[in-house]
Amino acid sequence: MKSLKIKPLSNQRGMSFVGLVVTGAIVFTIVILAVKTLPAYIEYASVKKLMYKIGHEPNFATMTNEEIAKEFDAGANISYIGSVKSSDLTIYETDQKVVVAEYQVVKPLLANISLMFKFKATTEH
């Protein structure tokens, strides 16, 4: 009959309970941050896409500020953009007409801790 050898503790491998709790806390924190930040970046991508669409309209150079605002509001309504309104747009002309949407989004994280994101989308090429 063979006898069973018990390995010393120094040769055992694996994660201890404390290591598991610490790893779980780190993963939980990363997931919570992703859940809080992802909607702001998705909305920013929608704003950029809308600004690109407006900037590439065939008659963009001749559009009035009111027409640009109306176009933006219609696109924002379709894309569920709530952080930026047409009144937040800056429209100016240099060599070409440029529309800029510069805004910030504040997302509450925990108690009195918040995350603030600053975004800027433009029709400039």
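**Notes on the model**

1. The chain has a radius of gyration of 26 Å, whereas a compact globule of 125 residues would be near 14 Å; the radius is taken over C-alpha atoms, and the globule rule is 2.2 Å times the number of residues to the power 0.38. Taken along the principal axes, the C-alpha atoms fill a box of roughly 95 × 35 × 25 Å.

2. On provenance, this is a predicted model, in which local features need pLDDT of at least 70 and side-chain atom pairs count only at pLDDT 80 or more, while totals for chains, interfaces and linings use all residues. Residues are numbered from 1 along each chain as its sequence is written, and side-chain values use heavy atoms, with hydrogens and water left out.

3. The chain contains 2 helices and 3 strands, which follow the pattern α-α-β-β-β when read along the sequence. These elements are DSSP runs numbered from the N terminus, with helices (H or I) of at least four residues and strands (E) of at least two.

4. Of the 125 residues in the chain, 25% are buried, where buried means under 20% relative accessible area, exposed over 50%, and partly exposed in between (1.4 Å probe, protein chains only). The accessible surface of the chain comes to about 9700 Å², with 60% of that belonging to carbon and sulfur atoms; such areas come from the Shrake-Rupley method with a 1.4 Å probe, and for residues only the protein chains shown count as cover. Among contacts (heavy atoms within 4.5 Å) between residues at least 6 apart in sequence, 50% join residues at least 24 apart.

5. Helix α1 has 39 residues and reaches 56 Å from its first C-alpha to its last, which is close to the 57 Å expected at 1.5 Å a residue; the expected span is 1.5 Å times one less than the number of residues.

6. Thr37 itself is buried, with a relative accessible area of 19%, and the residue touches Leu115 and Phe117, not counting residues up to four places away in sequence. Other buried residues of α1 include Ala40, Glu43, Tyr44, Val47 and Leu50. The buried residues of this helix pack against α2 (65-78), β1 (89-93), β2 (97-110) and β3.

7. How many aromatic pairs does the structure hold? There are 5 aromatic pairs, and one of them joins Tyr41 and Phe119 in an edge-to-face arrangement, at 5.3 Å centre to centre and 85° between the planes. Because Tyr41 lies in helix α1 (residues 17-55) and Phe119 in strand β3 (residues 113-122), this pair ties together parts that are 78 residues apart in sequence. For these assignments, rings of Phe, Tyr and Trp (its six-membered ring) pair if their centres lie within 6.5 Å, and planes under 30 degrees apart count as stacked, over 60 as edge-to-face and the rest as tilted.

8. Ring pairs link Tyr41, Tyr44, Tyr103, Phe117 and Phe119 into a cluster.

9. Lys118 is also found in strand β3, but Lys118 is exposed, with a relative accessible area of 64%. Not counting residues up to four places away in sequence, Lys118 touches Tyr103 and Gln104, and its C-alpha atom is separated by 8.9 Å from that of Val106, which is 12 residues apart from Lys118 along the chain.

10. Most residues other than glycine have a negative phi. Tyr80, in the loop between α2 and β1, has a positive phi of about 60° although it is not a glycine, and this tyrosine counts as exposed at 72% relative accessibility. Ala111, in the loop between β2 and β3, has a positive phi of about 50° and is likewise not a glycine; Ala111 is exposed, with a relative accessible area of 80%.
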